[in-house]
Amino acid sequence: MPQGLNEKLMKSANYRISIHSQIKLILLTVVTTLVPFSFVSLIFTLKPNLSPSILTKDTAVIGDIPFYAGLFSNIGVLLWCTSVVICLFSYIILKQDAKANKVASFLLLSGLLTFLLLLDDFFLLHESFFPIYFGIKSHVTFTIYIALALSLFIRYIKIIKKTEFFILLSSIAFFSLSIISDVLTDNNILNIYLVLEDMFKLLGITCWLTYFARICLQEISNMISGSLDKDKL
């Protein structure tokens, strides 16, 4: 068989495989999206006085509030989400390098913890969900989150010491100030503490994202540099 024709056939076969893989991924994406969407919508349909449209409409439209309502809260959720994606994506890359296994596991658990904090912030778990449906007060939820974070940091303290940990400490400090402001707000001391609570929380989230983004960037860069050095050898 002529060399040129053989190359064309190989390219054609790879193209067909690529299209087949993409179709499978599209179907998988559609299924994983529609199944939970349909399940939750069905529950709301069966419940009296509930409409599935409340799940799909924009919050500002449902509440008839200005489009900028909750602006900084929404930005905080986006920053949480960015942190989760960076940590988990970096874990997938770094776990392939035996030298970076510990860092990879640290990023995996950090990503999962961040995802938990994201869910809490997005769905108001400690403020509404847990107290209303389970009778769990917010300070109990905060205690659980703090315990999880401390156990993670203690377990990987050697890795953290090698990183820019002052950024992480500043994040923890801002979160602590946010919790203190929340307590003062509950005691109705001054309404200004409500603004301070959200401000400190946003600063904490921003520093949290900065810390993990820089770790991931540095570790992946080191991994790539090491691979290039091996190729030169």
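User: Why is isoleucine 132 called exposed?
Analyst: In this predicted model, isoleucine 132 has a relative accessibility of 61%. Exposed means over 50%, so isoleucine 132 counts as exposed. The residue is found in helix α6.

User: What makes the nonpolar surface patch, and which elements give two or more residues to the nonpolar patch?
Analyst: The patch covers about 780 Å² and is made by Phe129, Ile132, Tyr133, Phe134, Ile136, Val140, Ile144 and Leu148. Two or more residues come from each of α6 (125–134) and α7 (138–155). Helix α6 gives the most, with 4 residues.

User: How do you know whether aspartate 121 is buried or exposed?
Analyst: The relative accessible area of aspartate 121 is 9%. Buried means under 20%, and therefore aspartate 121 is buried. This aspartate lies in helix α5.

User: Which residues does aspartate 121 touch, not counting those up to four places away in sequence?
Analyst: With those neighbours left out, aspartate 121 touches Val77, Trp80, Lys201 and Ile205.

User: Why does lysine 102 count as exposed?
Analyst: Lysine 102 has 63% relative accessibility. The cut-off for exposed is over 50%, so lysine 102 falls in that class. Its place is in helix α5 (residues 101–123).

User: What makes the patch of positive charge on the surface?
Analyst: Lys102 gathers there with Lys158, Lys161 and Lys162. Like charges are joined into a patch within 9 Å, and Lys counts as positive, so these four lysines are described as a patch of positive charge.

Key. Residues are numbered from 1 along each chain as its sequence is written. This is a predicted model: local features need pLDDT of at least 70, side-chain atom pairs count only at pLDDT 80 or more; totals for chains, interfaces and linings use all residues. Side-chain values use heavy atoms; hydrogens and water are left out. Patches are made of residues with over 30% relative accessible area and no salt bridge: like charges are joined within 9 Å, nonpolar side chains (Val, Leu, Ile, Met, Phe, Trp, Tyr) within 5 Å. Accessible areas come from the Shrake-Rupley method with a 1.4 Å probe; for residues, only the protein chains shown count as cover. A salt bridge is a side-chain nitrogen of Lys or Arg within 4 Å of a carboxyl oxygen of Asp or Glu. The place of a charge is taken as NZ of Lys, CZ of Arg, CG of Asp or CD of Glu. Buried means under 20% relative accessible area, exposed over 50%, partly exposed in between (1.4 Å probe, protein chains only). Contact means heavy atoms within 4.5 Å.
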